[in-house]
Every structure is written in structure tokens, then in C-alpha cells.
Amino acid sequence: MGQSKGEIQEAPEGSVSEELQTPTMYKVFILNDDYTTMEFVVNVLETIFHKTSAEATQLMLQIHRSGSGLCGIYTRDIAETKVAAVHEMAKNNEFPLKCVMEEE
């Protein structure tokens, strides 16, 4: 018997079903240091992490006061790209700013 348009065909019994798994997520942190300017950290947060000026300023102050600040939670590839971008931007501007990621 044929299938009519819009009818859903069921998978035959015994067929392999594919389960989608949620990817592992990673937290990205910027670490405080005594040499990188506050203005540069705000710029990094706005440019790389797409924070608003107010969010970037608030997060920069948290980094300054507590030693680190959570910039975002991403999949592994995106987190690695963000960390590398921070390090490249800091290197190009001659700052020792460090950024790290850890599994959530």
C-alpha cells in the first residue's frame, strides 16, 4: 500500500536509532594581572565576547577584584577559539593577559 502525502513512515523494527548527545561545554575565564590595563580588558570583552560596554566594565571589575571572571560558556571549539583570540589580541598589544578554559 502506498504512502499518502504528509504521512509519516515509521522506522522498521530492529533498525538502529541514533541518539544525539549534548556536547561538553567549557567555561572561559579571563585572569587578572598587574600589567594589563582595565581599558584593554573592557575592549577584549566587548570585541571577543560581544559584551555591552556596561557588562564589560562590570566583568572587568570582577576580574580585577577577585582574580578571574567568567566570560562565557561554549562548546570546545568555540572556547578554544576565544582563548586563542584573547591571547593573540593581548600579544599584539604587548599585554600579558591570560585566558583559560575549563570543562563545565
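A residue counts as buried when its relative accessible area is under 20%, as exposed when it is over 50%, and as partly exposed in between (1.4 Å probe, protein chains only). The exercises below apply this term to a predicted model, in which local features need pLDDT of at least 70, side-chain atom pairs count only at pLDDT 80 or more, and totals for chains, interfaces and linings use all residues. Residues are numbered from 1 along each chain as its sequence is written, and side-chain values use heavy atoms, with hydrogens and water left out.

**Exercise 1. The chain as a whole**

Task: State which elements the protein chain contains and in what order they run.

Solution: 
Step 1. Helices (H or I, at least four residues) and strands (E, at least two) are DSSP runs, numbered from the N terminus.
Step 2. The protein chain has three helices and three strands.
Step 3. Read from the N terminus on, the order is β-α-α-β-α-β.
Step 4. Of the 104 residues in the protein chain, 28% are buried.

**Exercise 2. The buried residues of α1**

Task: Determine which residues of α1 are buried and what they pack against.

Solution: 
Step 1. Helix α1 spans residues 38-47.
Step 2. Its buried residues are Phe40, Val41, Val42, Val44 and Leu45.
Step 3. Contact means heavy atoms within 4.5 Å. The buried residues of α1 pack against β1, α2, β2 (68-75) and α3 (76-92).
Step 4. Leaving aside neighbours within four places in sequence, Leu45 is in contact with Ile30, His50, Lys51, Ala56, Leu59, Met60, Ile63 and Cys71.
Step 5. Leu45 and Met60 are 15 residues apart in sequence, and their C-alpha atoms are 8.1 Å apart in space.

**Exercise 3. The packing of α1 with α2**

Task: Describe how α1 and α2 are oriented and which residues meet.

Solution: 
Step 1. Axes are lines fitted to C-alpha atoms, for helices over the stretch in contact, and angles run from 0 to 180 degrees between N-to-C directions.
Step 2. The angle between α1 and α2 (residues 53-66) is about 125°, and their axes are 9 Å apart.
Step 3. Angles under 35 degrees count as roughly parallel, over 145 as roughly antiparallel, 65 to 115 as roughly perpendicular and the rest as oblique. The two helices α1 and α2 are therefore oblique to each other.
Step 4. From α1, Met38, Val41, Val42, Leu45 and Glu46 meet Ser53, Ala56, Thr57, Leu59, Met60, Ile63 and His64 of α2.
Step 5. By class, this contact of α1 with α2 has eight nonpolar residues (Ala, Val, Leu, Ile, Met, Phe, Trp, Tyr, Cys and Pro count as nonpolar), three polar and one charged (Asp, Glu, Lys and Arg count as charged, and the others, Gly among them, as polar).

**Exercise 4. The packing of α1 with α3**

Task: Describe how α1 and α3 are oriented and which residues meet.

Solution: 
Step 1. The helices α1 and α3 pack at an angle of about 140°, with axes 11 Å apart.
Step 2. The pair α1 and α3 is therefore oblique.
Step 3. Phe40, Asn43, Val44 and Thr47 in α1 meet Val86, Met89 and Ala90 in α3.
Step 4. By class, the contact of α1 with α3 has five nonpolar, two polar and no charged residues.

**Exercise 5. A residue in a loop**

Task: Decide whether Thr36 is buried or exposed, and list what Thr36 touches.

Solution: 
Step 1. Thr36 lies in the loop between β1 (25-31) and α1.
Step 2. The relative accessible area of Thr36 is 12%, so Thr36 is buried.
Step 3. Not counting residues up to four places away in sequence, Thr36 touches Val41, Phe95, Pro96 and Leu97.
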